[in-house]
Amino acid sequence: MSLNAESTAFRSALEVIRAVEPRVADAIGAELADQRESLKLIASENYASPATLLAMGNWFSDKYAEGTVGRRFYAGCQNVDTVEALAAEHARELFGAAHAYVQPHSGIDANLVAFWAILADRVESLALKKAQVRQVNDLTEADWFALRRELGNQRMLGMSLDAGGHLTHGFRPNISGKMFDQRSYGTDPATGLIDYDKVAEAAREFKPLILVAGYSAYPRKVNFRIMREIADSVGATFMVDMAHFAGLVAGKVFTGDFDPVPHAHIVTTTTHKSLRGPRGGMVLCGPELADQVDRGCPMVLGGPLPHVMAAKAVALAEARRPDFAGYAQRIVDNAQALAEGLTRRSAKLVTGGTDNHLVLIDVTGYGLTGRQAEQALLDSGIVTNRNAVPQDPNGAWYTSGIRIGTPALTSRGLGTAEMDQTAELIHTVLSQTTSGESKAKYVLDPALADKVSKQASELLAGFPLYPAVDLG
Ligand SMILES: *Cc1c(COP(=O)(O)O)cnc(C)c1O
């Protein structure tokens with residue numbers, strides 16, 4: 001019997017690797033087996049297509065290509081130009097953006113590129129006004145620092161971490177918190193929702209240079225039209241980090257006021273979360289910021305990763321196909337089915353539900369910390385991650401929440417009926433787990449964990465992961 005193309009490709013690749021370092025080949029094979037067996041509910045993960053994965057494993061990795069398409073600091077970049085231009089074109093078309101910069105190596109890098117682009121643009125405007133130079137790169141170092149001081153305001157207003165914001169939105173463990181003087185907006189304690197009047201009030205008081213919207217753990221839509229109005233009212237640049245929900249924007253589940261691209265001055269994203277591409281980042285913007293964004297390398301990035309840009313081009317081409325919209329809608333349908341299933345079984349959810357790809361369970365309702373719940377679920381074959389809830393009584397390490405997301409299981413083909421079964425498994429584990437003598441310790445009958453693990457495997461058995469890939 002002849003093998004299909006995917007199986008042949010991956011088997012051959014492993015054979016070539018095995019000849020050099022068999023333990024790496026084994027680990028790669030083991031990773032597929034583990035992913036096939038686990039009920040993956042990590043909201044930031046997904047399963048990229050075989051074509052996307054294969055586009056990364058080749059000699060593009062060997063190329064240096066600093067610069068931009070057609071304007072490189074290295075010779076021989078014609079093929080890198082082809083894939084970078086393709087990835088950017090697909091991104092522009094998919095998101096309706098004037099400009100796309102596809103070099104960032106990760107979401108953090110994309111944000112750093114955006115921050116520096118915004119700063120440099122402001123400094124350049126100031127320099128232009130004073131007729132000092134035409135562009136920021138012509139400034140002497142002394143003038144750059146003098147102008148930056150004169151610019152003064154280097155403040156960022158973003159969503160607080162415990163409300164679902166991201167570390168890169170001005171928080172101390174990340175360089176953004178050292179670059180910027182940060183203040184955050186949270187959510188309404190009663191509803192768990194963003195209170196736009198409060199955001200406007202904070203913006204009026206704080207007068208940020210950058211207003212950031214976007215999140216990693218907020219289970220609702222954000223009205224970007226209102227956020228832009230707030231930014232405009234205080235002269236801030238409006239940036240949206242859509243790392244988590246880019247797939248829902250690409251699939252046109254988030255449209256109108258909820259599509260960030262027409263409203264933001266600049267949009268950043270990862271490519272590997274709901275968008276289902278390779279690990280990487282991307283920046284979208286209008287013509288005003290395009291030149292500054294294109295200086296991401298060497299401003300904050302090293303040489304681009306041409307093999308990853310090739311994979312971005314493949315994944316973005318996939319996201320432009322009509323069936324991707326169906327996938328995006330199923331992500332949300334599944335998240336809502338999961339939320340309903342959990343609520344029906346008396347779980348307490350932050351904001352009471354979801355209108356995106358993620359659900360945040362407040363596990364204090366089960367008398368547990370996030371850390372205990374995460375571990376008990378893992379013992380039972382259910383992979384999630386703990387996450388702070390607003391005003392978390394257990395802090396950012398132990399937390400009081402479990403974040404679950406549906407992009408990965410939806411890629412695998414699970415639907416709303418399976419989400420209800422998943423809710424049953426989660427509720428069973430959490431309701432049968434009791435708190436131990438510390439915020440990390442818990443008691444769960446190993447027989448129950450085993451039983452749930454088996455049920456999770458049975459649930460997954462009907463939805464093979466990478467069905468066309470047979471490693472033999
Ligand atoms: C995941 C995430 C990032 C960081 O992405 P990396 O690729 O891990 O650097 C940035 N912002 C938000 C909102 C995220 O959710």
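Below is a short chat about the sheets, salt bridges and surface of a predicted model.

Me: Before we start, what kind of model is this, and how are residues numbered?
Reply: This is a predicted model, where local features need pLDDT of at least 70, side-chain atom pairs count only at pLDDT 80 or more, and totals for chains, interfaces and linings use all residues. Residues are numbered from 1 along each chain as its sequence is written, and side-chain values use heavy atoms, with hydrogens and water left out.

Me: Which strands are in the sheet of seven, and in what order?
Reply: The order is E4-E10-E9-E8-E7-E5-E6, in an open sheet with mixed pairing. Strands (E, at least two residues) and helices (H or I, at least four) are DSSP runs, numbered from the N terminus. Two strands pair if DSSP finds at least two bridges between them.

Me: Which strands stand at the edges?
Reply: Strand E4 (99–101) and strand E6 (181–185) do. Each has a single partner strand, so one side of each is left without a neighbour in the sheet. From one strand to the next, the twist averages 20 degrees.

Me: How does E4 pair with E10, parallel or antiparallel?
Reply: Antiparallel, over three bridges, with E10 covering residues 281–285. His99 stands opposite Cys285 in E10.

Me: Which helix packs on that sheet?
Reply: Helix H8 (residues 196–206), which touches strand E5 (155–159), E6 and strand E7 (210–214). Contact here means heavy atoms within 4.5 Å. The direction of H8 makes about 165 degrees with that of E5. Axes are lines fitted to C-alpha atoms, for helices over the stretch in contact, and angles run from 0 to 180 degrees between N-to-C directions.

Me: And E8, is that strand buried or exposed?
Reply: Five of the five residues of strand E8 (residues 237–241) are buried, so E8 is largely enclosed by the rest of the structure. Buried means under 20% relative accessible area, exposed means over 50%, and partly exposed is in between (1.4 Å probe, protein chains only). On one side are Thr237, Met239 and Asp241, on the other Phe238 and Val240.

Me: How do E7 and E8 pair?
Reply: In the parallel sense, over five bridges. Ile210 stands opposite Thr237 in E8.

Me: Next topic. How many salt bridges are there?
Reply: A search of the whole structure finds 18. A salt bridge is a side-chain nitrogen of Lys or Arg within 4 Å of a carboxyl oxygen of Asp or Glu.

Me: What does Glu150 pair with?
Reply: With Lys130, the closest N and O atoms being 3.0 Å apart. Glu150 is in helix H6 (residues 141–151), and Lys130 is in the loop between helix H5 (107–129) and H6, 20 residues apart. Glu150 is partly exposed at 46% relative accessible area, and Lys130 is partly exposed at 41%.

Me: What about Asp420?
Reply: Asp420 forms a salt bridge with Arg344, with the closest N and O atoms 2.9 Å apart. Asp420 lies in helix H18 (residues 416–432) and Arg344 in helix H14 (residues 322–344), so the pair ties together parts that are 76 residues apart in sequence. Arg344 is exposed, with a relative accessible area of 58%, whereas Asp420 is partly exposed at 23%.

Me: Which residues are in the network there?
Reply: Arg344, Arg345, Asp420 and Glu424 are linked by salt bridges.

Me: Back to sheets. What is the order of the three-strand one?
Reply: E11-E14-E13, an open sheet with antiparallel pairing. Strand E11 (358–362) and strand E13 (385–387) stand at its edges. Neighbouring strands are turned by 35 degrees against each other on average, direction ignored.

Me: How many bridges join E11 to E14?
Reply: Five, with E14 covering residues 401–405. The bridge partner of Leu360 in E14 is Arg403. Helix H15 (residues 370–379) packs on this sheet, touching E13 and E14, and its direction makes about 45 degrees with that of E14.

Me: Last one. Which residues form the nonpolar patch on the surface?
Reply: Ile17, Val24 and Ile28, with about 210 Å² of accessible area together. Patches are made of residues with over 30% relative accessible area and no salt bridge: like charges are joined within 9 Å, nonpolar side chains (Val, Leu, Ile, Met, Phe, Trp, Tyr) within 5 Å. Accessible areas come from the Shrake-Rupley method with a 1.4 Å probe, and for residues only the protein chains shown count as cover. Val24 is found in helix H2 (residues 22–37) and counts as partly exposed at 41% relative accessibility.
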